[in-house]
Amino acid sequence: MSGIFAKRRARLLAMKALRERYVPPENAVACPRCGQDSSHQAVSRNLYLCPRCGHHFPVGAYYRLGITLDHGSFRELYPKIAAQDPLSFPGYREKLAEARQKTGLSEAAVSAVGTIDGRRCVVGVLDSQFLLGSMSAAVGEKLTLTIEYAEKNRLPLILFSASGGARMQEGILSLMQMAKTSAALGRFDKRGLLYISVLTDPTTGGVTASFASLGDVILAEPGALIGFAGPRVIQQTIGETLPEGFQRAEFQMEHGFVDAVVPRPRMRETLSQLLRLHEKGGA
Amino acid sequence: MLKRVLIANRGEIALRILRSCREAGIETVAVYSEADRDALHVQLATQSVCIGPARAADSYLSRTAILTAALATGCDGIHPGYGFLSENADFAGACAQAGLVFIGPSGDVIRRAGAKSAARTMMREAHVPVTPGSDGPVRSEAEALAAAERVGYPVMLKASAGGGGRGIRRCAGPAELPSALKEAKAEARACFGDDEMYLEKLVLHPRHIEVQILADNFGNVVHLGDRDCSLQRRSQKLVEEAPAWGLTPELRREMGEAAVRAAKAVGYVNAGTVEFLLDPDGEHFYFMEMNTRIQVEHGITELVTGVDLIRQQLRIASGLPLDIAQEDIACTGHAIECRINAEDPANGFRPCPGRTEFLHLPGGPGVRVDTGLYEGCPLPPYYDSLAAKVMVHAPTRLEAIRKMRRCLEEFALEGFPTTAELCYQLMHHAAFVRGGCATDCLDAHLPELLDFTRHLSESEDENT
């Protein structure tokens with residue numbers, strides 16, 4: 001008689017397994033690395049890591065701040081700084097409006113002051129979903145003000161980069177931000193403060209060539225593309241096949257551009273440890 | 001109070017009526033067909049009378065057989081349950097003529113509530129919202145076109161005497177209307193001998209929400225909250241819940257009051273249900289029809305209100321006034337019912353009667369199972385395929401869903417395929433859990449649910 005309940009139990013377990021594996025097509029997320037579908041829910045619960053292969057999906061700026069800072073400690077800095085259209089570049093205004101609508105952000109960078117395990121710090125995040133996280137004059141200004149805020153308050157600074165480079169619609173004005181942010185970081189460095197740069201996928205162009213590479217400690221997320229010119233451009237220019245994993249975080253670590261590759265679930269504790277080691281009287 | 005009641009039905013509802021009768025100290029007479037000799041209600045009734053062969057027309061639908069049995073056993077009342085003779089005005093009249101109390105409204109009321117076009121007019125006069133349409137019958141093509149233009153397409157053409165999906169046509173635009181009208185008229189003439197047509201606006205993606213009412217012989221009418229019966233497969237309800245999810249308190253009050261007005265308009269007596277269509281905008285509701293009987297899903301209203309509806313029916317039929325006032329009726333928590341039908345979802349819901357080889361029913365707090373089955377008892381193929389109703393009651397909707405999942409995990413019925421597993425899957429389906437499904441929701445998601453079952457069978461085959 002008990003066979004009936006044993007059979008039922010097996011069937012219920014099979015249903016449960018299937019339910020968890022089953023992904024309704026409307027909210028499936030395809031992983032670009034392993035090609036398998038996972039449900040949006042499974043991915044979002046897993047810090048936006050592919051539950052099967054651990055591929056790091058890009059995350060929004062506010063989500064990044066949410067998983068980095070202590071709960072309830074977040075206070076946004078300079079939220080009103082947003083890009084203008086200084087060159088009246090054709091189609092730029094529409095692109096900005098569309099990006100704002102899509103992401104709910106006013107610019108590609110979000111800065112905040114908060115605590116990590118109780119240690120106060122200033123965190124800036126670039127959001128790759130806002131015009132590829134490109135650096136406009138406003139982004140540069142926001143980051144410079146953020147650096148200066150950290151300097152003035154003698155707080156450690158953490159910048160998460162994710163960018164396609166300088167924003168081309170603002171021409172030279174956006175390229176100038178490379179110098180401006182670098183100069184601000186130079187002053188910050190003279191005060192003997194800690195700057196941790198975290199490179200996430202993708203960190204390229206003018207951002208790599210300025211503040212992203214100036215960290216006292218440079219961390220990177222696994223698999224992040226890090227470089228100045230992209231691999232396709234390089235391949236076309238030099239006409240050679242590029243080595244496996246070229247410009248990926250692990251490759252850059254081997255070649256000395258990155259200090260450590262830290263997976264997203266361990267990022268917060270790593271940052272916390274670095275802050276502890278570098279604080280006054282820290283050990 | 002009635003002394004002896006004949007139960008003119010079978011299956012779980014016969015048992016349900018029998019239980020309330022026994023609690024009220026009323027003797028029961030069960031009638032049964034040859035196929036139901038071993039049925040539980042037959043075994044438990046004070047007396048049982050066999051009234052004919054298995055075919056429903058010769059037994060449960062045979063008015064003379066039932067009336068004869070009632071008179072021969074000295075009954076003073078007949079409870080018709082649902083289906084069979086429950087909404088048969090002539091039978092209700094015949095009972096009255098034979099000096100028996102028909103536990104339900106009188107034949108006249110059944111007739112009034114049943115005539116579709118006339119009911120619409122009556123409801124409009126009672127300020128019960130009806131779907132916009134032709135006010136009264138449409139006689140010509142021109143009249144129909146004008147009425148359709150006024151309410152907006154798509155529209156439905158319906159036969160005034162219609163029912164059971166006959167004499168109904170859907171029109172998406174004015175081009176289709178003339179031919180549809182002709183077809184529907186011909187069908188109505190063939191089926192009902194009357195080709196009077198009326199027209200109403202078709203509400204797209206509506207929810208099916210109904211209000212339970214009780215009315216006594218003294219003009220007191222109360223409503224006992226609403227039920228959402230939107231989860232239907234081809235108009236066959238599968239899962240019901242009470243109260244309906246996501247109604248604003250104002251809308252709920254309006255619907256309850258409209259139901260009471262509707263009942264008063266037809267001079268209703270006894271337990272009944274007023275069915276409404278709720279527009280997906282969640283603001284407009286329209287009178288659909290009135291069911292002049294106890295319904296399959298009455299149990300969930302009993303769970304949330306704590307009122308024994310069958311007992312109230314017996315009281316009202318005995319000529320007693322209602323012992324509850326509208327202010328005493330409070331709905332607490334949330335109740336869900338799953339119908340376990342002896343049907344095979346994998347085979348187009350083909351009815352699969354058979355012998356109950358093994359039966360284990362769920363229990364625990366807030367759980368109620370109504371079934372006429374017991375181990376070894378056959379489920380005959382001649383009647384509807386309802387095997388059991390599993391109902392749960394919990395403080396919130398989500399807790400009720402969890403409880404229902406647990407119950408369906410415990411529920412074990414061997415012997416024939418049932419819809420239990422489909423219900424179990426529905427309890428996990430995002431569309432159901434979210435709430436507020438429309439009547440076309442289940443049909444839309446069915447392929448996906450069946451696909452799931454197929455995958456399950458495949459993965460089980462792999463493991464064995």
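Biologist: What share of the contacts in chain A with a separation of 6 or more comes from residues 24 or more positions apart?

Modeller: The model is predicted, so to speak of local features pLDDT of at least 70 is needed, side-chain atom pairs count only at pLDDT 80 or more, and totals for chains, interfaces and linings use all residues. Residues are numbered from 1 along each chain as its sequence is written, with chains lettered from A and ligands numbered from 1 in the order in which they are written. Two residues are in contact if their C-beta atoms, placed from the backbone, lie within 7 Å. For chain A the share is 68%.

Biologist: How many of the residues in chain A are buried, as a percentage?

Modeller: Buried means that 20 or more other C-beta atoms, placed from the backbone, lie within 10 Å of the residue's own. Of the 283 residues in chain A, the buried ones make up 37%.

Biologist: Which elements of chain B pack against the buried residues of helix 5?

Modeller: Helices (H or I, at least four residues) and strands (E, at least two) are DSSP runs, numbered from the N terminus. In helix 5 of chain B, residues 107-114, the buried set is B:G107, B:V109, B:I110, B:R112 and B:A113. Their packing partners in chain B are helix 4 (89-97), helix 6 (116-125) and strand 13 (285-291).

Biologist: Which residue in strand 10 of chain B does B:L214 stand opposite?

Modeller: Strand 9 (residues 207-215) and strand 10 (residues 221-233) of chain B run antiparallel and are joined by six bridges. Opposite B:L214 stands B:V222.

Biologist: How are helix 7 and helix 8 of chain B oriented to each other?

Modeller: Helix 7 (residues 141-151) and helix 8 (residues 177-192) of chain B pack at about 120°, with their axes 10 Å apart. Axes are lines fitted to C-alpha atoms, for helices over the stretch in contact, and angles run from 0 to 180 degrees between N-to-C directions. Under 35 degrees counts as roughly parallel, over 145 as roughly antiparallel, 65 to 115 as roughly perpendicular and the rest as oblique. Helix 7 and helix 8 of chain B are therefore oblique.

Definitions and conventions:
A residue is buried if 20 or more other C-beta atoms lie within 10 Å of its own, exposed if 12 or fewer, and partly exposed in between; C-beta atoms are placed from the backbone. Two strands pair if DSSP finds at least two bridges between them.
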